[in-house]
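Work through the exercises below with the sequence and the model at hand. Each task is followed by a solution in steps.

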Amino acid sequence: MGMTMTQKILAAHAGLKEVSAGQLITCKLDLVHGNDITTPVAVNVFKNIHVNEVFDKNKVSIVPDHFVPNKDIKSAEQCKYIREFAKEKGIVNFFEVGQMGIEHALLPEKGLVVSGDVVIGADSHTCTYGALGAFSTGVGSTDMAVGMATGEAWFKVPSAIKFNLIGKLNKDCSGKDVILHIIGMIGVDGALYKSMEFDGPGLKNLTMDSRLCMANMAIEAGAKNGIFAVDELTLEYCKNHSKKTPVVYKADADAKYDAVYDIDLSKIRPTVAFPHLPENTKTVDEIGAKEVKIDQVVIGSCTNGRMEDLRIARDILKGKKVDSTVRAIIIPGTQKIYLEAIAEGIIQDLVEAGCAVSTPTCGPCLGGYMGILAAGERCISTTNRNFVGRMGHVDSEVYLASPATAAASAITGYITNPDKYMEVK
């Protein structure tokens, strides 16, 4: 019986010739990851199971990023706790202030994940690394603890949905619009505990930054993981960022899928997810001019804080001004991205346009800090969730969009079609 990409990776790491959907297996892990919210709980469990050392000092990563730089005493204590644990156990890949980034932007940049890896992380958006052709998925803190101790995790092998990509995106669209379109199409439970597998001739037209964004939001459709077929762009990215050797797994021609969707990238329009679910989507063509007044714009997060995103925002905002009624917040994904944006003059252009620029952090994405909303306020954001109270008060609203749509909206003060602000490159 043919296997999907995900099934092949899991079979290899379970030491099995083949696996099938629904099968329970135990796999060897290439990386176990946590952040400042989830790792303290995992450390407590780790201590309770009386293990003295992590299974591999190079295969555990901890990135404090949600409330870092620390916003209060509690967050400072949490970071101190895991900092001491990392030092005691000799964990090599511990990154915080000065080295840190938003975890799912940082780990690929650091080369800690390559094609063919199996990765678990105590954060739901760990599925990001599927963009590199890895199987990566979010787990609870208990599973993180056991993973750190044993280097293994158990999985129920997921079935899969295939997305056959064709065509090429228009200049006003990016991977964010594609994944919002897909989630709007299948719903927030449309891929529940399934693997979302992306392939097809249109894949070559998606940048790595767009793929990372799309894989990141697979969880918003309920997926166990999102994964992209490995191509030359993937291998070039792995070569430029990692010393690890990627392993390429391809789905069998007779692999079984629960559904197959053809996605014509040329027909994707700038898409916005209205409150309070990522599936509640409308294209900019369906939103009337000056229909949705906004108070805040956030461009950043593990979904859209990469160089491509910042360049798009700069290209739209350069020489213009953020509307006087809008607060625009820019959050680079990592220190490296921040420095590159400074070198390119992006940060200066954005500040001159009226934006505030933050050090890399999750910040307002989860309602942490650096942009909390008051009752009745609306934010258009490049983040990945718009649940009730996600970015502050339960009576506030979050609209999910691409960096282009968010930047254009910052200029007008309303959710705005970015098309007229973009030049053909």
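Axes are lines fitted to C-alpha atoms, for helices over the stretch in contact, and angles run from 0 to 180 degrees between N-to-C directions. Helices (H or I, at least four residues) and strands (E, at least two) are DSSP runs, numbered from the N terminus. The model is predicted: local features need pLDDT of at least 70 and side-chain atom pairs count only at pLDDT 80 or more, while totals for chains, interfaces and linings use all residues. Residues are numbered from 1 along each chain as its sequence is written, and side-chain values use heavy atoms, with hydrogens and water left out.

**Exercise 1.** Describe the packing of α2 against α5.

Step 1, geometry. Helix α2 (residues 39-48) and helix α5 (residues 141-150) have axes 8 Å apart, at an angle of about 55 degrees. α2 is therefore oblique to α5; angles under 35 degrees count as roughly parallel, over 145 as roughly antiparallel, 65 to 115 as roughly perpendicular and the rest as oblique.

Step 2, handedness. α2 and α5 cross in a right-handed way. A crossing is right-handed if the near helix is turned clockwise from the far one by less than a right angle, and left-handed if anticlockwise.

Step 3, contact (heavy atoms within 4.5 Å). From α2 come T39, V41, A42, V45 and F46, which meet S141, T142, M144, A145, M148 and A149 of α5. This contact has eight nonpolar, three polar and no charged residues. Ala, Val, Leu, Ile, Met, Phe, Trp, Tyr, Cys and Pro count as nonpolar, Asp, Glu, Lys and Arg as charged, and the others, Gly among them, as polar.

**Exercise 2.** Describe how α10 packs against α12 and against α11.

Step 1, α12. The axes of α10 (residues 307-317) and α12 (residues 346-353) come within 9 Å, crossing at roughly 45 degrees, and the two helices are therefore oblique to each other. Their crossing is left-handed. On the α10 side M307, L310, R311, A313, R314 and L317 take part, and on the α12 side I346, D349, L350 and A353. Seven of these contact residues are nonpolar, none is polar and three are charged.

Step 2, α11. Here the axes come within 10 Å and cross at roughly 35 degrees, and the crossing is right-handed. M307, L310 and R311 of α10 meet I337, E340 and A341 of α11. The contact divides into four nonpolar, no polar and two charged residues.

**Exercise 3.** Characterise the second largest pocket and the largest cavity.

Step 1, terms. On a 1 Å grid over the protein atoms alone, a cavity is a set of points where a 1.4 Å probe fits but cannot get out, and a pocket is an open set with protein on both sides within 12 Å along at least five of seven lines; lining residues have an atom within 4 Å of a point. Grid points are joined across faces, edges and corners, and a volume is the space filled by probe spheres set on the points.

Step 2, pocket. The second largest pocket holds about 260 Å³ of space. It has 13 lining residues, of which E109, D209, H241, M307 and I337 are the closest to its centre. At least two lining residues come from each of α4 (103-109), α7 (208-216), α8 (232-241), α10 and α11 (335-343). The lining comprises six nonpolar, one polar and six charged residues.

Step 3, cavity. There is one cavity of 30 Å³ or more, and the largest cavity contains about 30 Å³ of space. Its lining consists of S174, G175, K176, D209, S210, C213, N304, E308 and D309. α7 gives the most to this lining, with three residues. By class, the lining has one nonpolar, four polar and four charged residues.
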